[in-house]
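Open the model in your viewer and keep the selection tool at hand.

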Amino acid sequence: MPSVKAPIVIDLKFNADEVRSALVHAFPGREVVNRADPAHAARDLSQARYAVVWKSQPDLFDRAPNLEAVFSGGAGVDHVLTLPGLPDVPLIRFVDPTLTTRMSEWVVLQCLLHLRQHVAYEEQARQGIWAERPQPEARELTVGVMGLGVLGQDAARKLATMGFTVIGWSRRQKTIEGIETYDENGLDAFLARTDILVGLLPLTAQTRGLFDTALFAKLSRRGPFSAPVFINAGRGGSQVEADIVASVRSGVLHGASLDVFSTEPLDADSPLWTLPNVIVTPHAAAASDVRALFRHVETQIERHESGLPFEHLVDRTAGY
């Protein structure tokens, strides 16, 4: 075990004040280089052994050639896998109850907003229209969750608690008590049962552009709204936005809730901003709690320096 704690580089495009505040009590006894601090711009990074990144500066790995591990600042890692010069060292994703809870809250909220026809009621309120709409119960809709990692499993359980009928899909079969699940061979059967589709998939070669017109056409049309709803808080690259627009306009989709987009920020002239029954949020479903992120990194470094393996390692071949 090293007698001096190895330095760590923080290269996060987060709120600079939040990062600075969180660092006050983080990584005690360890040299920390915060690349958002102008005073650290010219710092020598050759001695750094760890890096915490989110949309990091492109010269990071050239300037820090001796890293032993890289930590993603969020649950997603596709942005890290494409960074120039990424070294062949362990890559660890961020897993924490704060992140999981926030994501599940957002997913449940969106399902309830569509169930209770909130967008339509908001429009009626703007026009001064007093008119009650039919009120289906949660149990009348089947929510299909695609992506059954930590976030997907928690969201599925909480949706079931709210009364929705919940099913799940993942490339490899997963077992969740009380929830029927499908693997890649059962995709069409899963889609045919799904009234509200929730996307929580990582971005891989297999998931890029997956959510398109052809997939939406396979969803159930037997629910109370006679057309399905698409909800995505996974990765923007997994959806074809032109197909979402066309599907909502044609009635293939009843509506959508989107937190992620192929280009962020979403273009100001995108029709998604004003499309009827479409809810847009600015990649805010599960923003990382910086203090929780740094606690997670501290725990993993302590394991590593004590001779234990890192947890939550990314499988680079799979892409997550």
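Strand 3 spans residues 50-54, and five of its five residues are buried. Keep in mind throughout that this is a predicted model.

Strand 1 (residues 8-12) pairs with strand 3 in the parallel sense, over five bridges. Strand 4 (residues 69-72) also pairs with strand 3 in the parallel sense, here over four bridges.

Now turn to the largest nonpolar core. Which of its 52 residues touch the most other members? Select Phe164 and Phe294, which are those residues. Helix 4 (residues 97-115) gives the most to this core, with seven residues. Apart from this core lies another, of 26 residues, including Ile167, Leu187, Phe190 and Leu266. In soluble globular proteins, nonpolar side chains tend to be buried together.

Stay with Phe294 and show its surroundings. Beyond its neighbours within four places in sequence, Phe294 is in contact with Ile10, Leu12, Val19, Ala22, Leu23, Ala26 and Phe27.

Move to Val166, which belongs to strand 7 (residues 165-169). Is Val166 buried or exposed? Its relative accessible area is 7%, and because that is under the 20% cut-off, Val166 counts as buried. Not counting residues up to four places away in sequence, Val166 touches Val143, Val145, Ala156, Leu159, Ala160, Ile179 and Glu180. For a distance check, pick the C-alpha atoms of Val166 and Leu219: they are separated by 14 Å, and the two residues are 53 residues apart along the chain.

The last stop is the second largest pocket, which holds about 270 Å³ of space. It is lined by 14 residues, and Asp78, Arg235, Phe261, Ser262 and Glu264 are the closest to its centre. How do the residues of the lining divide into nonpolar, polar and charged? Three are nonpolar, six are polar and five are charged. Colour the lining of this pocket by these three classes to see how they are placed.

Technical notes. Residues are numbered from 1 along each chain as its sequence is written. This is a predicted model: local features need pLDDT of at least 70, side-chain atom pairs count only at pLDDT 80 or more; totals for chains, interfaces and linings use all residues. Side-chain values use heavy atoms; hydrogens and water are left out. On a 1 Å grid over the protein atoms alone, a cavity is a set of points where a 1.4 Å probe fits but cannot get out, and a pocket is an open set with protein on both sides within 12 Å along at least five of seven lines; lining residues have an atom within 4 Å of a point. Grid points are joined across faces, edges and corners, and a volume is the space filled by probe spheres set on the points. Ala, Val, Leu, Ile, Met, Phe, Trp, Tyr, Cys and Pro count as nonpolar, Asp, Glu, Lys and Arg as charged, and the others, Gly among them, as polar. Helices (H or I, at least four residues) and strands (E, at least two) are DSSP runs, numbered from the N terminus. Buried means under 20% relative accessible area, exposed over 50%, partly exposed in between (1.4 Å probe, protein chains only). Contact means heavy atoms within 4.5 Å. A nonpolar core is a set of buried Ala, Val, Leu, Ile, Met, Phe, Trp, Tyr and Cys residues joined through side-chain atoms within 4.5 Å. Two strands pair if DSSP finds at least two bridges between them.
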